[in-house]
Amino acid sequence: MGGASDGSDGMETVSKEIIGRMFSALAPRYRWFNRWSSLGMDEAWRRSVVAELTGCPRVLDLGTGTGDLAWRLQARRSLKSWTVGLDLSFDMLAQARAGGDGPSPVWVQGSADQLPFRSGSFDGVVSAFVLRNLLVGGILPAAVRDACRVLRPGGRLVFLDLTRPTKLWMRWGHGIYTRTFLPLFGRILFGRRWPGSYLAASIRALPGPETFERLFQECGLSGFEYRPLWGGLVSLYLGRK
């Protein structure tokens, strides 16, 4: 997966098409990988996203993957919610369609930097564990601009992603985990399809919150907030149009 360096801790940019094919190969077992690798905490992390969307019935989930967040958003029936899950990978969307019960979200194949929706279509735009892939794919600024475009005035942007812990002892343990146990989970589930050091390297590649604050402002978002959760294992990036 070669390409030009993006200047982020030595991580190289690759085309979004290559990233899409990589995740397509992982799709059949990707939901299990999320559960195992997070020790079951990934659902609690997604709930933190949903909690930020009070009063936002129309929500777009960028890079929906296996659809776990989209299904959780759609389940907010008291808000008469309408959720769209968008992903570059057809194989991921196939997993998403089969991943829940009750009224289904709308599933759309597409790229986060070229959203096939009218301006002001959504009250909220969210993503879970996608920021790193947008960064490595070289489309992060374009994706944030288009997310802002499809938000209505006052709409909320909520991005969740894996980050490096804030406390030194947690960062030490996190480093050991990502270098040993995480690759073990990956090899057990995916065999040759496991993409090596991509996950750990993409976490290291994420810039600091000041970079995201500047990007959000340049794309027309205000009220930026960076909120580390669980000691910084994951973090929320929030903005408002």
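Is E43 buried or exposed, and what is its relative accessible area? E43 is buried, with a relative accessible area of 18% (buried means under 20%, exposed over 50% and partly exposed in between, using a 1.4 Å probe and protein chains only). Everything here comes from a predicted model, where local features need pLDDT of at least 70, side-chain atom pairs count only at pLDDT 80 or more, and totals for chains, interfaces and linings use all residues. Residues are numbered from 1 along each chain as its sequence is written, and side-chain values use heavy atoms, with hydrogens and water left out.

**View 1**
The structure holds 15 salt bridges. Another one joins the side chains of R31 and D68, at 3.3 Å from N to O. That pair links distant parts of the chain, since R31 is in helix α1 and D68 in helix α3 (residues 68–74), 37 residues apart (helices are DSSP runs of H or I with at least four residues, strands are runs of E with at least two, and both are numbered from the N terminus). D68 counts as buried, with 11% relative accessibility.

**View 2. E52 meets R156.**
The side chains of E52 and R156 form a salt bridge of 3.2 Å, N to O. E52 sits in the loop between α2 and β3 (58–62) and R156 in strand β7 (residues 151–162), so the pair ties together parts that are 104 residues apart in sequence. Both E52 and R156 are buried. Elsewhere, salt bridges with shared partners join R31, R35, D42, E43, R46, D68 and R72 into one network.

**View 3. A nonpolar patch on the surface.**
W32, W36, F181, L184 and I188 make up this patch, with about 550 Å² of accessible area together. Patch residues have over 30% relative accessible area and no salt bridge; like charges are joined within 9 Å, and nonpolar side chains (Val, Leu, Ile, Met, Phe, Trp, Tyr) within 5 Å. The areas come from the Shrake-Rupley method with a 1.4 Å probe, and for residues only the protein chains shown count as cover. Helices α1 (16–37) and α8 (181–190) each supply at least two residues of the patch, and α8 has the largest share, with three. W36 lies in helix α1 and is partly exposed, at 38% relative accessible area.

**View 4. The largest pocket.**
This pocket holds about 480 Å³ of space. It is lined by 30 residues, and S37, L162, Y177, L182 and L199 are the closest to its centre. The elements giving two or more residues to the lining are α1, α2 (42–50), α5 (131–136), α7 (168–179) and α9 (198–205). Of these, α1 gives the most, with seven residues. By class, the lining has 19 nonpolar, eight polar and three charged residues (Ala, Val, Leu, Ile, Met, Phe, Trp, Tyr, Cys and Pro count as nonpolar, Asp, Glu, Lys and Arg as charged, and the others, Gly among them, as polar). A pocket is an open set of points on a 1 Å grid over the protein atoms alone, with protein on both sides within 12 Å along at least five of seven lines; a cavity is a set of points where a 1.4 Å probe fits but cannot get out, and lining residues have an atom within 4 Å of a point. Grid points are joined across faces, edges and corners, and a volume is the space filled by probe spheres set on them.

**View 5. The second largest pocket.**
Its volume is about 190 Å³. Among its 13 lining residues, T163, R164, L206, P207 and Y226 lie nearest the centre. Both α9 and α10 (209–218) give two or more residues to this lining.

**View 6. The cavity.**
The structure has one cavity of 30 Å³ or more, and the largest cavity holds about 450 Å³ of space. Of its 29 lining residues, F23, G63, D87, V130 and N133 are the closest to the centre. The largest share of the lining, six residues, comes from α1.

Key: A salt bridge is a side-chain nitrogen of Lys or Arg within 4 Å of a carboxyl oxygen of Asp or Glu.
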